[in-house]
Amino acid sequence: MSATDVRPARAGAEPARRRRPELPSSVLGLVGLVAFAALLELLPRTGIVSAEYFPPFSEMVRALVEAAGTDRFWAATAETVQAWGIGLGIALVAGIGLGLLIGSVEVLRRFTASTIEFLRPVPSVALIPLAVLLLGLGLQSTLLLVVYASFWQILIQVIYGVQDVDPVARETARSYHLGRWARVRYLIWPTALPYVMTGVRLGAAVALILAVTAGLVGIGTGLGAEIALAQSSNAVPLVYGLVIFTGLLGVVVNLAARVLERRTLAWHSSVRADVGG
Amino acid sequence: MQPVLRWGRTLGYALTLPVVLVTLWWVWSADSTNYYAPPLQTILTTFGDVWFSERLRADVLPSVTRLLIGYTGAVVVGVGLGVLLGANRTLRRVTEPVLEFFRAIPPPALIPILFLFAGIGDTAKVIVIISGAVWPVLLNTVEGVRAVDDVLSDTSRSYGVTGLARLRHLVLPAASPQIVAGMRQALSISIILMVISEMFASTNGLGFSVIQFQRSFAIPEMWSGILLLGLLGFVLSLLFQLFERRTLRWYHGLRRSQLGEN
């Protein structure tokens, strides 16, 4: 104990107790996952829940593995990922383009604010019947839902981001006579980037939700449609297996978005602090 | 600038574009012969006929009730579990991957599973909403509780603020910006799940009606249903903004002063 440490000895013992070697998060997390899987296995086996509605975990996994051996399964996965990717791409281009424009032109921002605030919370699933009538069943309808849901997330973030430009930096750019494109490239874009990445992260998650939902309600193909089919043919373990698989897909999307965010913003203080702390 | 003038300008900015858009829709659709895009006038007349009638009680009320119960349930469960997990480091690290997995499942995919269990009644739909909307609240609460300021935490401990008082005066207020952000995400997920669960299997409700209208080619009725769902989403988000402004007034004030704006 150093001379400057005036704490009583009893209090000093506290951090020592805390310093007990701790298991790393990855091990603890793995323990959690295994325990959860064991719970899913035991609940139906012991008869606490009916195995008819809730098959043991091993059966869910077996059904999933069996399905994974078929071309049909991978075709469905590809369709879902395709709808997600194209939809998110369109939403990104439109959201970032319009967001930069609206965010940097004061008049536009004022005139569009109320309309954006009105259209943004409109649930995209409300458009399902309209999509079916106007675009029919298929990829186009799915894309309409995916794009509508993720577009607003991205647009709002970009508009916020553009407005966040540091006044001093803006004045500096002005005194150096930076042109319009140079301002967008070196001033507005770097400021807005953290917000854009948040929009990408939120938009990517929402896009996957809608890509699966479209299949579930029967307007698109893909994993959602497979889940609905498995349910109507009473293949209960397969329903669970497919839901687990869409969850894993969701985890991959979330992780990828986070890695992308970290990579693109490695220079930014919010991430740097995050990494350091 | 005079207040009246300023209000006028704000109102002008807010109303111009919506008025232009609605007028364009009205004029463009006025003598529309497209079966799928009836005149706006027809849609609005139908809106009154359809929704200010028996359907208000038979379809709108059940939907909104299920939505509110499910949403409230998700918030209560999410904040409750979140406080528990946020306060316990080991528990948090054990459960984190499992929770992240559940958050990543597209919530509507849970509908077929939950309907297996609970049938297609009101309870099942409420459970669907809770099971989808709880994750953003839960995970944000965990984050918020975990990030409570160390100095504040130690100070309140040395003053003997523990138990419920600690929860009420330290933990919940400190975590509230995160919790409210989670609640905002949960609200839009709840609306999606309300609609989808009714489209998937139901005998009443907004989602059910809209799909019925579409399948029976009652086009103006379908449009009016879409308008109503849009309005519902808008009104709920407006109410949420009011709630957020009240709850987080101190926080926004703090942020502003930290950023050095007035």
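Biologist: At roughly what angle do the axes of helix H4 (residues 71-104) of chain A and helix H10 (residues 223-232) of chain A cross?

Modeller: Note that this is a predicted model. Two packed helices are described by the angle between their axes and the distance between the axes. Here the axes come within 7 Å. They cross at roughly 135°.

Biologist: Is H4(A) parallel, antiparallel, perpendicular or oblique to H10(A)?

Modeller: Angles over 145 degrees count as roughly antiparallel, and 65 to 115 as roughly perpendicular. The crossing is at roughly 135°. That makes H4(A), relative to H10(A), oblique.

Biologist: Which residues of H10(A) make the contact with H4(A)?

Modeller: H4(A) brings Ala76(A), Thr77(A) and Thr80(A). By class, the residues of this contact are three nonpolar, two polar and one charged. From H10(A) come Leu223(A), Ala225(A) and Glu226(A).

Biologist: What percentage of residues 77-261 of chain A is helix?

Modeller: An unreviewed UniProt entry annotates this stretch as "domain: ABC transmembrane type-1". Strand makes up 0% of the stretch, and its end C-alpha atoms are 25 Å apart. The helix share is 85%.

Biologist: Now the two chains. Which helix gives the most to the side of chain B that touches chain A?

Modeller: The contact takes 45 residues from chain A and 47 residues from chain B. On chain B, helices that each supply at least two residues include H1 (3-30), H4 (89-104) and H8 (163-200). With ten residues, the one that gives the most is H4(B).

Biologist: How many charged residues has that side of chain B?

Modeller: Nonpolar residues number 36 there. Polar residues number eight. The charged residues number three.

Conventions. Residues numbered from 1 in each chain as written. Chains lettered and ligands numbered in written order. Predicted model: local features only at pLDDT ≥ 70, side-chain atom pairs only at ≥ 80, totals over all residues. Contact = placed C-beta atoms within 7 Å. Helix = DSSP H or I, 4+ residues; strand = E, 2+ residues; numbered from the N terminus. Nonpolar A, V, L, I, M, F, W, Y, C, P; charged D, E, K, R; others polar. UniProt positions renumbered as here; feature names shortened; annotations may be inferred. Axes fitted to C-alpha atoms, helices over the stretch in contact; angles between N-to-C directions. Parallel < 35°, antiparallel > 145°, perpendicular 65-115°, else oblique.
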